[in-house]
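Here are some questions to work through with the structure in view.

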Amino acid sequence: MAFNLEMYPISYLAQYDATTKTWNEKWIEADSIPYKELLHMEENQRQQIFQNRNQLGLPAVSYTSQYGYGVFEGMKAYPRKDGKISIFRPDRNAQRFANSLRGLYCPVFPEELYVKASLEFIRKNAALGYVPEYDAGWEKDNFASASAVYMRPFMNSEAAIGVGISHAPYVIICATTVSSYFKGGNTKAVTTNRIRATPHGTGYIKCASNYVISALAKKEAEDAGYMEVIYLDAQEHKYIQEGSSCNIFFHMKDGTLVTPELGDTILPGITRSSVIDLARQEGVTTEERPISIQEVMSDAVGCFVTGTAAGITPIESITHEGKETVFNNRVPGELGEKLQRILKGTQYGALEDTNNWNVIV
Ligand SMILES: *Cc1c(COP(=O)(O)O)cnc(C)c1O
């Protein structure tokens, strides 16, 4: 496993100037080593370069590093069948990023700036060979093994030591190439007693502090032999919320597709919203409503989790209080597979983008 994050050489950085109320933008070029050259280097040297690229000059002591007062996004750029590159629904990430910042009473990063910087970011790094090339072989397994650019826009606060609100935040965009998110092997999930998000908290935004509990619960699930963890609601511990950092869907006996309705404890996933649209376009009745673990255990025939990193990942079973409910004889369900085929095909430009979701770089 790589010790360092294999970051791209060029990153974007903006800082808010509270006096002039403007965002000062710049590009940080850690180096201009083309990707092909990196491949021929010694491992030590390469690791040194990645480490250098990760030094973005942000303050070490800040509201973010001390208290988890930070916001991030996860977005992908895809190499396309036609040789171009596109970003999937960056306007939606821009909107959510702005909403997350608003949720932290922090100056809002303009949505147009977010999209423009994201496109420029890909252009600059692609010019050095950092965006993987489209591979027709990916079509064989419906892009399950395909690569993409994982973009990580995030906000960090200015230097600060007491608990407080950021007035001069930084916005950074960096990226790394990724392939499949889950490691393969079993796709079992288990419910946890931990609470991811509480009513009136920060669960509805991609706030850094939310992900500590996620990491703990996921480790506990993995140590017990599961791939994924499922959260129940904070008050009654009865209704399904989400996976570790994915939204969740259930295919019911009667053919409907159900996902928990949004509220202040569920992250409004862009994959979630896209899957709902695609399912409806395929004529599948799709409901956003409370769904209890009991209902899942008696009436669900299929289950999958969704997210930018996870795509649409089937779940073979859910174990709750020691009882395992198996979906579709542990084989990925037909509906999830079909939606995955459409979603990935659209993102990689192998299918027509009928919803105009892709933004060409
Ligand atoms: C990011 C995230 C998701 C998925 O959102 P996408 O926009 O689909 O990537 C779901 N749940 C949580 C908690 C998340 O942080």
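**Questions on a predicted model**

Q: Does Thr187 count as buried or exposed?
A: Thr187 has a relative accessibility of 18%. This value belongs to a predicted model, in which local features need pLDDT of at least 70 and side-chain atom pairs count only at pLDDT 80 or more, while totals for chains, interfaces and linings use all residues. Residues are numbered from 1 along each chain as its sequence is written, and side-chain values use heavy atoms, with hydrogens and water left out. Since buried means under 20% relative accessible area, exposed over 50% and partly exposed in between (1.4 Å probe, protein chains only), Thr187 counts as buried.

Q: Which residues does Thr187 touch, not counting residues up to four places away in sequence?
A: Thr187 sits in the loop between strand E7 (170–178) and strand E8 (188–191), where strands are DSSP runs of at least two residues and helices (H or I) runs of at least four, numbered from the N terminus. With contact taken as heavy atoms within 4.5 Å, Thr187 touches Met227, Pro314, Ile315, Glu316 and Ser317.

Q: Which residues come nearest to the ligand?
A: A residue is near a molecule if one of its heavy atoms lies within 4 Å of it. There are 14 residues around the ligand, and those that come nearest are Lys206, Tyr211, Glu242, Thr271 and Thr308.

Q: How much of the ligand's accessible area does the protein cover?
A: Polar contacts, which are pairs of N or O atoms within 3.5 Å, reach oxygen atoms of the ligand from a polar side-chain atom of Tyr211 at 2.4 Å, from a backbone N or O atom of Ile270 at 2.7 Å and from an N or O atom in the side chain of Arg96 at 2.8 Å. On its own the ligand has 380 Å² of accessible area, by the Shrake-Rupley method with a 1.4 Å probe, and the share that the protein covers is 96%.

Q: How many residues apart in sequence are the parts that the pair of Trp23 and Phe109 ties together?
A: Rings of Phe, Tyr and Trp (its six-membered ring) pair if their centres lie within 6.5 Å, with planes under 30 degrees apart counted as stacked, over 60 as edge-to-face and the rest as tilted. Among the 17 aromatic pairs found, Trp23 and Phe109 are edge-to-face, at 4.9 Å centre to centre and 80° between the planes, and both residues are buried. Because Trp23 lies in strand E2 (residues 22–29) and Phe109 in the loop between helix H4 (90–103) and helix H5 (111–126), the pair ties together parts whose separation in sequence is 86 residues.

How values were computed. Polar contact = N/O pair within 3.5 Å; in protein donor to acceptor, adjacent residues only side chain to side chain.
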